[in-house]
Amino acid sequence: MPDHSTRHTDGIQPRRKAKVAANCSTCEAVCCRLTVTLGPEDNIPSHYTTYLPNGVHVMAHGEDGWCVAMDRTRMNCSIYENRPTICRRFVMGGPYCNAIRSDYAKQRSRNIEITLK
Ligand code: SF4
Ligand code: SF4
């Protein structure tokens with residue numbers, strides 16, 4: 001099963017489809033909850049980044065689960081012009097965009113059910 005916790009730009013095609021068409025303007029920036037690995041070509045200020053226990057350099061996340069570079073008011077990237085390469089390659093409406101939005105919608109509906117019980 002593909003790991004949707006990390007941003008992928010390879011050709012693996014998740015089979016799940018999101019029920020709602022992709023639209024970054026109305027999305028809760030779900031892809032900005034994924035682990036974004038950084039490469040040598042990325043020039044991100046160090047206060048936005050961290051290292052995993054295995055030494056991989058990644059974008060840091062806040063306690064709310066979103067990337068620390070995300071503007072919580074506008075729900076968009078505050079370093080858009082300088083965002084990591086892997087973020088530039090992430091395709092709106094692509095297989096991973098659809099898969100993670102579907103996963104996120106299911107998780108949210110489960111949380112709502114738990115809250116209502
Ligand atoms: S690329 Fe997909 S998951 Fe990311 S903000 Fe846009 S619609 Fe949402
Ligand atoms: S760097 Fe920007 S586009 Fe990339 S995950 Fe963080 S907020 Fe989202």
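Between which two strands does the loop that holds M75 lie? Select M75 to begin: this residue sits in the loop between β3 (70-71) and β4 (76-77), where strands (E, at least two residues) and helices (H or I, at least four) are DSSP runs numbered from the N terminus. The model is a predicted one, in which local features need pLDDT of at least 70, side-chain atom pairs count only at pLDDT 80 or more, and totals for chains, interfaces and linings use all residues. Residues are numbered from 1 along each chain as its sequence is written, chains are lettered from A and ligands numbered from 1 in the order in which they are written, and side-chain values use heavy atoms, with hydrogens and water left out.

**The whole chain**

Display the protein chain as a cartoon. Two helices and four strands make up its secondary structure, and along the sequence they follow the pattern β-β-β-β-α-α. Of the 117 residues, 33% are buried; buried means under 20% relative accessible area, exposed over 50%, and partly exposed in between, with a 1.4 Å probe and protein chains only. Among contacts (heavy atoms within 4.5 Å) with a separation of 6 or more, 60% join residues 24 or more positions apart. The accessible surface comes to about 8,000 Å², and carbon and sulfur atoms account for 53% of this area. Such areas come from the Shrake-Rupley method with a 1.4 Å probe, and for residues only the protein chains shown count as cover.

Return to M75. Its phi is positive, about 55 degrees, although M75 is not a glycine. Most residues other than glycine have a negative phi. M75 counts as partly exposed because its relative accessibility is 25%.

Next, select A29, in the segment before β1 (49-51). A29 also has a positive phi, near 50 degrees. With a relative accessible area of 10%, A29 is buried.

**M70, in contact with both**

Select M70 in strand β3. Its relative accessibility is 5%, so M70 counts as buried. Leaving aside residues up to four places away in sequence, M70 touches A29, C32, M75 and N76.

**The nonpolar core**

Which residues have the most contacts inside the largest nonpolar core? Select C32, M59 and F90, which hold that place in a core of 23 residues. A nonpolar core is a set of buried Ala, Val, Leu, Ile, Met, Phe, Trp, Tyr and Cys residues joined through side-chain atoms within 4.5 Å. The elements that give two or more residues to this core are α1 (85-89) and α2 (95-116). Helix α2 supplies four residues, the largest share.

**The two ligands**

C27 is partly exposed, at 22% relative accessibility.

Move to ligand 2, which 11 residues surround; C32, C67, C77, P84 and C87 are the closest. Its shell has 10 nonpolar residues, no polar residues and one charged residue. C77 is partly exposed, at 27% relative accessibility.

Finally, select the cysteines. How many disulfides are there? The count is zero, a disulfide being a pair of cysteine sulfur atoms within 2.5 Å.

Key. Near = heavy atom within 4 Å. Nonpolar A, V, L, I, M, F, W, Y, C, P; charged D, E, K, R; others polar.
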